[in-house]
Amino acid sequence: MDRIELLTHIREFLGDAGFSVSDPCTLRLPGFDLVARRDETLLIIKALSNIDALSEDVANELRALAYLLKATPLLIGEKNGMNELEDDVVYFRFGIQTVTTATLRNHLLEEIPVRAYAAPGGLYVNLDPEKIRRLRQEKNISLGSFAHHVRVSRRTVRMYEDGMSARIDIADRIEDMFEQSVTTPIDLLKPLLMETNLLPFYKKNQGPTRELQSEIFTLLQNIGYRVIPMDRCPFEALSKEKEKILLTCVQEYNKKLAEKAHFISSISKITKKHAVVFTDKALDKKNLEGTPIIGKKELRKIHDPEDVFTLILERITSD
């Protein structure tokens, strides 16, 4: 299945599962392909046939984006290296939960829980330590008997009761002993958490940034925004001021401007974050595809972040 077919398939079953889905990114940037929302659940999806193609830099940016938007990043793929990914198993690529299309479809449409995850040594499941401890006490099973039945050490049993995960074959033996499930499902839709100090805030002269981009980022910082560059997204940064976050596109006035404005408008509707395009020229149009446009000369005259936000609101519906 090629990339276009894969994205079409993903968009279809997300729609069937009640999600509003953005247009697919046609700019062929490596950051992400789709965003989708259902109620308060926001997904940021990257689709790759081979998940090994996701680099650490791209994954770090995807994680930062998901954290700032209170979203769940998901990598959807078919294989790693020469090996096919198994269905109903979660893999991890640089901290990003990774599943097959069938796994996500079954989870969203059929409500099939995902319990197993891949790690060095095989497939593992998360145990319910409180339930294991309670069942062992209720059934009057000693640590030694428990360890003997599941073929592990007494120390390992204590670690299971303290919350350690278990290989799937060991978990099967534990459930056979108790005659009931003791595993907990993996929450595929849980928003990502990360340390705020890991966010890549913009610093002037920090690297190879285009002149216009550097100028706009510096102006926004001077106004009072904190700028987080997004090198691999259809927008160049997220600009943050208190709880307000702007999808910030910086684009010279050329033929790419309308295309980027169209896609960023689609993302804005799904993420429920305002988008804006900063460009090098003053234009008669105040928005493109519903995305407000602000020239750099206008931005130089602004000294309060609220004034930027007010201007954006005014231009969303301007002709």
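Trainee: How many helices and strands does the protein chain have?
Mentor: This is a predicted model, in which local features need pLDDT of at least 70 and side-chain atom pairs count only at pLDDT 80 or more, while totals for chains, interfaces and linings use all residues. Residues are numbered from 1 along each chain as its sequence is written, and side-chain values use heavy atoms, with hydrogens and water left out. Helices (H or I, at least four residues) and strands (E, at least two) are DSSP runs, numbered from the N terminus. Counted in this way, the protein chain has 11 helices and 18 strands.

Trainee: What percentage of the 319 residues in the protein chain do buried residues make up?
Mentor: A residue is called buried under 20% relative accessible area, exposed over 50%, and partly exposed in between, with a 1.4 Å probe and protein chains only. Of the 319 residues in the protein chain, the share that is buried is 50%.

Trainee: Why is helix α3 described as largely enclosed by the rest of the structure?
Mentor: Helix α3 covers residues 101–109, and its buried residues, among them Leu104, His107 and Leu108, pack against α1 (3–16), β2 (34–38), β4 (72–76), β7 (89–93) and β8 (96–99). The helix is described as largely enclosed because, of its nine residues, the number buried is seven.

Trainee: Which residue just after α3 takes a positive phi?
Mentor: The angle in question is about 55 degrees, and it belongs to a residue that comes just after α3. That residue is Glu111.

Trainee: Is Leu127 buried or exposed?
Mentor: Leu127 has its place in strand β10 (residues 122–127). Leaving aside neighbours within four places in sequence, Leu127 is in contact (heavy atoms within 4.5 Å) with residues including Ile132, Tyr160, Met164 and Val182. Because its relative accessibility is 5%, Leu127 counts as buried.

Trainee: What distance separates the C-alpha atoms of Leu127 and Glu161?
Mentor: Along the chain, Leu127 and Glu161 are 34 residues apart.

Trainee: Which residue forms a salt bridge with Glu215?
Mentor: A salt bridge is a side-chain nitrogen of Lys or Arg within 4 Å of a carboxyl oxygen of Asp or Glu, and the structure holds 13 of them. In the one formed by Glu215, the closest N and O atoms are 3.5 Å apart, and the partner is Lys296. The pair links distant parts of the chain, 81 residues apart, with Glu215 in helix α8 (residues 211–223) and, in helix α10 (residues 296–300), Lys296.

Trainee: Which parts does the salt bridge between Glu298 and Arg315 tie together?
Mentor: The closest N and O atoms of Glu298 and Arg315 are 2.4 Å apart. Glu298 counts as partly exposed at 27% relative accessibility, whereas Arg315 is buried, with a relative accessible area of 7%. The two residues lie 17 residues apart in sequence, so the pair ties together helix α10 and helix α11 (residues 305–316).

Trainee: How far apart are the closest N and O atoms in the salt bridge of Arg167 with Asp169?
Mentor: Both partners are partly exposed, Arg167 at 33% relative accessibility and Asp169 at 31%. Their closest N and O atoms are apart by 3.1 Å.
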